[in-house]
Amino acid sequence: MTFTAVRSRSLRNRPGAAAVAFAATAALLAGCSSSDKSDPLAEGGASGDTVVVGSNNFAESILLADIYGEALKAKGIKVTYKPNIGSRETTYGLLKNGSVTVLPEYNGSLLSYLDPKAEQKSQSAVNTAVAAKLDSKLTLLESSPAENKDSVTVNAETAKKYNLTAESTLEDLKDIAPDLVIGGSPEFQTRHQGLKGLESEYGVEFKSFKALDAGGPLTQAALAKNTVQAADIFTTDPTITKEGFVVLKDPKNLFGFANVTPLVYKSGLSQEGVDALNAVSAKLDTKTLLDLDTQVQQENKDPLDVAKAWLKSAGLD
């Protein structure tokens, strides 16, 4: 199966990606090689001991669902899929009524959905806060180190000029930012998780700001063409690999937390299933997820094949 890569920020508290996400849904529903994939909005859940693994309608979520689902199958657990479901409002409802058993989530984004005013001071604090807000029928499993969140990323030319590497942090921008143009969504200019926070937390002030899109093709292209030298890019965006971009570390967690974390309908998953999913999360880090996303979104590999290959390489098949 080949499909268009989509990164829908609406699913992670970002507006305006519905039309793009719909295109991905249509493409994926038109042809998918993954077996036993069901209608994402069909009524009812699995019967008996079948686990239903759902995904939202963007490429990374589909890949993660295949990874978690195939890990369950490796333990002899019967699995069906509900891919491309849509917004968190829909997926959360399907989890609460048991129509979906497992959904790959992002802990900080889920917390923002459940409690928009909640602070995010640490990963463990985020997960504790989520647990306190979740419907009683649901539970959050262990978070993976893998995060897909906002970042300040520089292009290869800028990284070379200023000796910035994957070990460099936002603090390293303090002296050079006045020479750089940064791009991002219009909101990035006014949010604390944006220019305001970069200034207050790191003392970083850029030469100017260019309003583009929310980490989408406009931002990616502007960074690649050096129209901007830094930009707000997701940490698992495959263009990072393709273009040789360098993601700067955020030691003060200005951009919060977005660890990949399974959200589960409690009564629908055995302890063996819980252990299998936690084992996957323990081995899934951001670098790995970026590589897997690149295989799917840049190399047009079937996400199910990519999921199976990684699980085998990690000893989880």
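These entries cover a sheet, a helix lying on it and a helix pair, all in a predicted model.

**Entry 1: the sheet.** I began with strand order. I found an open sheet of five strands, running β7-β6-β8-β5-β9 with mixed pairing. Which strands stand at the edges? They are β7 (208–211) and β9 (246–247); each has a single partner strand, so one side of each is left without a neighbour in the sheet.

Entry 2: Next I looked up β5 with β8. Residues 152–154 of β5 and 230–232 of β8 pair in the antiparallel sense, and I noted three bridges. For Val-152, the bridge partner in β8 is Asp-232.

**Entry 3: a helix on the sheet.** I then asked what α8 lies across. Helix α8 (residues 217–224) lies across β5, β6 (181–184) and β8, and its direction makes an angle of about 165 degrees with β8.

**Entry 4: a helix pair.** I turned to α2 (residues 59–73) and α12 (residues 303–313). Their axes are 8 Å apart, at an angle of about 50 degrees. The two helices are therefore oblique to each other, and I logged their crossing as right-handed.

**Entry 5: who meets whom.** From α2, I listed Ile-62, Leu-63, Asp-66, Ile-67, Glu-70 and Ala-71. They meet Pro-303, Leu-304, Val-306, Ala-307, Lys-308, Trp-310 and Leu-311 of α12.

Technical notes
Residues are numbered from 1 along each chain as its sequence is written. This is a predicted model: local features need pLDDT of at least 70, side-chain atom pairs count only at pLDDT 80 or more; totals for chains, interfaces and linings use all residues. Side-chain values use heavy atoms; hydrogens and water are left out. Two strands pair if DSSP finds at least two bridges between them. Helices (H or I, at least four residues) and strands (E, at least two) are DSSP runs, numbered from the N terminus. Contact means heavy atoms within 4.5 Å. Axes are lines fitted to C-alpha atoms, for helices over the stretch in contact, and angles run from 0 to 180 degrees between N-to-C directions. Angles under 35 degrees count as roughly parallel, over 145 as roughly antiparallel, 65 to 115 as roughly perpendicular and the rest as oblique. A crossing is left-handed if the near helix is turned anticlockwise from the far one by less than a right angle, and right-handed if clockwise.
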